[in-house]
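Walk through the following structure from a surface patch to the chain interface and then to the salt bridges.

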Amino acid sequence: MTILGRLKTISYAEIFVILVVVFLTVFMVKFFGRKKEFKTIRVEVIRNNWTENYDPYGYRAPFWLSDKVKVGQTEKSKSGKIIATLTDLENYERGSEEAELYLTVKIETLLNKRTGVYTFKDKPINLGSSIELNLDNISIVGQIVDNNVPEGGYPAKYLMVTAKGRNFESWLYTKVVPGLKVYNRATNEVVAEVVDVKLENSTLQQIKYSSSYLQAIVGKDKDLLVYVKVKVYQMDGRWYFMGHQNIKIAGSLYLYTNELNLYGFEIEDIKELP
Amino acid sequence: MDLKLKTLKSYLNNKKSYLLFFLLFFFSTLLAIDVKSYILIFLLFFLTCFFVFKKDIFESTFLTLLISLPFENTLREWSFYSPLNNPDGYSFVFGVTIKIIMSTTLLLLIILPKYRKLLNIKCSKNYLLLLIFFALASIGSIFFQKHLDFVFVGYVRLLISIWLFFIASIYFSQKNKNYIFKYYIVSLIIFSTFVGLCQFVKQKPIGKFIELTPMFSLEDGYSTTDGEKQYRVSGFISHPVYFGSFMSILIPIFFGIFLKTNIKNKSVLYLKYVYLILIALSVLVLLAALSRSTWINILIIISFFYFYIKKNKLVIFPNKISEKFKKIIFLFLIIALIPIISVLMIRIKSIPDLITNKDGSVSSRLTLAKKSFELMSVRPLTGVGLNNFTFETYKEVSSTFVAPPHNTFLIFLTELGIPATLIFIFFIFFSLSPKTNIFKEEPIIFGVWVALITFIISAQFHPLFNIDPTFDIFMFILGYFSICRQSKT
């Protein structure tokens with residue numbers, strides 16, 4: 001019997017049943033369609049209370065955790081399949097026993113075609129969403145600060161920043177010398193280096209009140225001018241240094257070197273380096 | 001050309017061609033690399049049944065269902081976590097499988113006038129009990145539960161299992177269909193043993209799509225968690241415990257087929273030796289799953305068949321076969337089992353740990369059983385609802401062992417309630433009450449009976465329901481057994 005002959009043995013009712021089943025199956029698969037996609041996200045490690053030390057900016061990772069996080073670490077699903085890979089890591093000191101960690105992670109997400117929402121471990125991957133990662137048995141809690149990291153990373157460049165610090169203790173001025181470096185602790189990359197240092201008479205005047213007159217004391221305080229070569233990267237049109245420091249004139253600059261921490265510098269000038 | 005076509009046609013008309021057909025398709029599942037190729041294999045099977053073997057749509061669908069029974073690979077799946085969205089709790093996966101699609105198709109086909117006559121089977125006591133169980137489970141599931149999405153997927157699973165029982169009874173009530181069952185079991189055990197042996201030799205999964213199901217899909221396979229770390233064979237069932245239960249079902253049926261094989265024909269005699277070697281290898285694979293509960297099954301199988309052969313004075317091999325040949329065969333059997341002995345010795349050493357370890361298998365099971373009885377006393381009539389046990393117990397049981405009770409009947413007691421479970425127990429009891437006169441004539445039916453008993457034993461130690469294909473296989477084979485019993489009495 002030919003193929004056509006066999007097909008003729010199928011009744012209309014049977015064809016209807018087959019079509020119903022095919023339709024239901026296709027409907028289920030398409031309507032509840034999910035597509036696996038790898039996405040690269042940027043995570044700021046924040047919010048988990050490791051040490052119960054309150055910080056108004058949010059909790060940061062202690063060194064005993066941050067120093068263990070390395071590029072290449074992975075998280076596996078219950079099936080043993082890799083669902084997250086750490087592709088880039090920024091690890092900056094913050095002046096105390098804490099680190100500022102920024103992770104670039106490639107994760108396996110499921111796209112719900114109906115809602116357009118990407119999920120990772122059944123949690124949505126939206127900008128600002130919290131995320132929990134378990135990279136080689138290191139538990140990391142963070143916030144997604146970018147859920148669409150460009151391929152190849154963010155554009156980066158070097159700037160020469162001139163910044164002024166006022167009213168430091170006199171012993172500090174001798175410690176701030178050219179050659180001080182700020183590192184990305186994850187890669188040992190130098191992200192900032194003090195190229196030159198100048199000491200100037202302070203432009204601020206201090207008014208001393210005595211019983212009979214007001215006297216301005218000029219030249220008492222010194223301003224410390226530092227020339228720092230910094231590496232910045234661009235995110236959403238803004239240039240950032242060390243994760244969250246936005247480099248702009250009159251903005252603040254904080255430098256955490258291995259030797260000392262420099263706070264409260266005011267940016268006076270920015271020049272782009274070739 | 002005409003001669004070749006005639007030869008092919010005569011071969012296809014021969015029932016033995018089904019053995020090769022089933023084997024070919026089981027082995028072709030190893031070629032599946034993703035969902036699409038997996039579906040294609042089953043579609044080809046269906047089309048071959050319809051166009052080549054000239055089966056009608058109903059029978060083609062049934063045979064496709066038969067082939068798809070052991071596989072849990074899905075076209076689409078959903079994860080369920082209890083507590084909700086907590087990946088540290090208990091989770092399971094429910095998905096659209098080929099067997100669900102085929103079962104649904106058969107359910108729709110059976111109501112057509114063309115196939116309605118197949119429903120004319122003698123309705124016995126156990127069928128009524130199963131229907132009452134289904135009714136009670138439905139009432140309890142639909143009207144009295146929370147987390148209805150969890151209950152719904154459990155209910156669908158239950159519905160499919162019950163339908164498998166009936167569809168097996170309906171199909172095998174037709175004349176001259178027993179050979180399908182026989183060749184199905186033979187081909188399945190050959191395939192399962194092959195996959196298991198490959199895994200045992202490699203000491204890891206062989207890396208095929210069918211080895212990874214959404215529920216159990218560790219790419220490196222499963223290892224023992226107590227005692228020295230050892231790899232556990234899991235076949236394509238994907239979990240060693242369920243694979244052990246699965247092989248425990250196949251082996252006694254196959255042994256029954258082995259006993260049934262007529263030894264008068266000399267060529268068939270050598271086939272019996274091949275069967276014996278296959279039994280030895282399948283036992284090796286079963287032992288390599290390192291599931292301690294299956295050791296009880298092996299003892300049951302050996303003792304039941306020993307008494308069966310003794311009582312019925314069966315001759316397995318004629319005396320005229322040379323002693324030298326017999327010795328060679330037994331030597332081979334011993335050599336085949338040697339690789340497993342060292343593995344088993346290590347596993348045996350973990351037995352004291354079962355009792356002494358407070359977070360071990362036994363302690364955890366007892367904790368779950370205790371909680372199961374507590375919950376049962378709270379909701380005795382309707383249970384807490386299918387898949388809801390872990391919601392109720394998440395905070396209270398050991399945080400390292402959030403799971404349903406590791407006893408299938410306790411799952412039913414807690415989640416479906418006492419009345420439904422009692423009815424189910426009666427159903428099992430009446431379905432499995434032995435018929436020694438039938439067993440004497442039909443070793444295969446005796447083998448099926450022993451297989452079903454081994455499932456009941458495995459069910460005492462494992463949650464063989466919601467995420468396990470062997471419950472479906474159990475119900476299917478129970479349906480076959482029920483109709484065989486009826487037709488012989």
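Ile338(B) lies in helix 13 of chain B; helices (H or I, at least four residues) and strands (E, at least two) are DSSP runs, numbered from the N terminus. The model is predicted: local features need pLDDT of at least 70 and side-chain atom pairs count only at pLDDT 80 or more, while totals for chains, interfaces and linings use all residues. Residues are numbered from 1 along each chain as its sequence is written, chains are lettered from A and ligands numbered from 1 in the order in which they are written, and side-chain values use heavy atoms, with hydrogens and water left out.

A nonpolar patch on the surface is formed by Leu331(B), Ile334(B), Ile335(B), Ile338(B), Ile341(B), Met345(B), Ile348(B) and Ile351(B), with about 730 Å² of accessible area together. Helix 13 (residues 323–348) of chain B gives the largest share of the patch, seven residues. Patch residues have over 30% relative accessible area and no salt bridge, with nonpolar side chains (Val, Leu, Ile, Met, Phe, Trp, Tyr) joined within 5 Å and like charges within 9 Å. Accessible areas come from the Shrake-Rupley method with a 1.4 Å probe, and for residues only the protein chains shown count as cover.

At the interface, 24 residues of chain A are in contact (heavy atoms within 4.5 Å) with 26 residues of chain B. The two chains bury about 2300 Å² between them, 62% of it on carbon and sulfur atoms; this is the accessible area lost on putting the parts together, summed over both.

Across this interface the rule finds one salt bridge (a side-chain nitrogen of Lys or Arg within 4 Å of a carboxyl oxygen of Asp or Glu). Glu14(A) pairs with Lys114(B), the closest N and O atoms being 3.2 Å apart. On the side of chain A that touches chain B, helix 1 (3–8) and helix 2 (12–31) of chain A each give two or more residues. Helix 2 of chain A gives the largest share, nine residues.

Over all chains the count comes to 22 salt bridges. One of them joins Lys99(B) and Glu72(B) (2.6 Å, N to O). Lys99(B) lies in helix 5 (residues 98–109) of chain B and Glu72(B) in the loop between helix 4 (57–68) and strand 1 (74–82) of chain B, so the pair ties together parts that are 27 residues apart in sequence.

Technical notes
Buried area is the accessible area (1.4 Å probe) that two parts lose on being put together, summed over both.
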